[in-house]
Amino acid sequence: MTGALYVPGQSVLHRISAGWKLAGLCILGLLLFTTDWPPPLFVALAASVVVLLSTGVSIVQIRRQLTGPIVIIALLFLATGLLSSWPMAIAASLRLAALILAGYAVTLTTPISAFLDVIERLLAPLDRRGLVNAAHVALAVSLVFRFIPVIIDQARAIREAQAARGLERSIIALLIPLIVHVLKAADDIASAIDARSYPPMSISQAALPGAMRNSAEDLRS
């Protein structure tokens, strides 16, 4: 797989631990929904832009990867303005733009392995009680992170191949081969995971003696 969003660097955001960055992102998200007044939302958006630019990532890369979200925000602005009210459309667009830029900055400066470590540490208490399998959740999240850029690259490759054959731009002609490729990739990854004896035992299962662990597996099956 290629196309991960993480970009190595030495910025301040790169040096902050993944846990603090995720906590800050959660707090920002909560604060953004406490007001509909545009001035503080403008300030949050400006702060997100500054943080994103401080990562040292080129403007070209930022523009290329944020084109899709910008289109979505524009459509949301129009739909909210026409169906509800324009002040609400401004607030919703500013809120979403600030959150996307902040999340993008965190993603650019945090390796996936660091995200997974945080998730596993957060879920460890529940894992020890047998309520969740932290490894399962971490694996699912890692696959989502890795699949997003892969799907974008695959869609771009399909579109370029169709353009080379002189085919007109069509959403149906793009979606059908893209879905086939994604399903095939998912099947290949599932086979690779099974071949490596994934998923691993949870913490609670690993702590059990062998006979008890086998009994627990029998009960689950």
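Helices here are DSSP runs of H or I with at least four residues, strands are E runs of at least two, and both are numbered from the N terminus. The model is a predicted one, so local features need pLDDT of at least 70 and side-chain atom pairs count only at pLDDT 80 or more, while totals for chains, interfaces and linings use all residues. Residues are numbered from 1 along each chain as its sequence is written, and side-chain values use heavy atoms, with hydrogens and water left out.

On that basis, the protein chain has ten helices and zero strands. Of its 221 residues, 29% are buried, where buried means under 20% relative accessible area, exposed over 50%, and partly exposed in between (1.4 Å probe, protein chains only). Among contacts (heavy atoms within 4.5 Å) with a separation of 6 or more, 68% link residues 24 or more positions apart. The accessible surface comes to about 14000 Å², with 70% belonging to carbon and sulfur atoms; areas come from the Shrake-Rupley method with a 1.4 Å probe, and for residues only the protein chains shown count as cover.

Now for helix packing. Axes are lines fitted to C-alpha atoms, for helices over the stretch in contact, and angles run from 0 to 180 degrees between N-to-C directions. Helix α2 (residues 18-32) packs on helix α5 (residues 86-109) at an angle of about 180°, with the axes 10 Å apart. The two are therefore roughly antiparallel, given that angles under 35 degrees count as roughly parallel, over 145 as roughly antiparallel, 65 to 115 as roughly perpendicular and the rest as oblique. On the α2 side, the residues involved include Leu25, Leu28 and Gly29, and those they meet in α5 include Ala98, Ala102 and Gly103. Helix α2 also packs on helix α6 (residues 112-128), this time at about 75° and with axes 9 Å apart, so α2 and α6 are roughly perpendicular. Here Ala18, Gly19 and Leu22 of α2 meet Ala114, Phe115 and Val118 of α6. Phe115 turns up again as a contact of Thr107, which also touches Leu5 and Tyr6, leaving aside residues up to four places away in sequence. Thr107 sits in α5 and is buried at 17% relative accessible area.

Next come the salt bridges (a side-chain nitrogen of Lys or Arg within 4 Å of a carboxyl oxygen of Asp or Glu), of which the structure holds three. Asp36 pairs with Arg95, with the closest N and O atoms 2.5 Å apart. Asp36 lies in the loop between α2 and α3 (38-53) and Arg95 in α5, so this pair ties together parts 59 residues apart in sequence. Asp36 is exposed at 55%, whereas Arg95 is buried at 11%.

The pair Asp153 and Arg156 has its closest N and O atoms 3.2 Å apart; both lie in helix α7 (residues 134-164), three residues apart, or about one turn of the helix. Asp188 and Lys184 likewise form a salt bridge, at 3.2 Å, and both lie in α8, four residues apart, about one turn of the helix. Asp188 is partly exposed at 41%, while Lys184 is exposed at 54%.

Ile171, Ile172, Leu175, Ile176, Ile179, Val180 and Leu183 make up a nonpolar surface patch with about 680 Å² of accessible area together. Patches take residues with over 30% relative accessible area and no salt bridge, joining like charges within 9 Å and nonpolar side chains (Val, Leu, Ile, Met, Phe, Trp, Tyr) within 5 Å. Ile171 belongs to helix α8 (residues 171-195) and is exposed at 54% relative accessibility.
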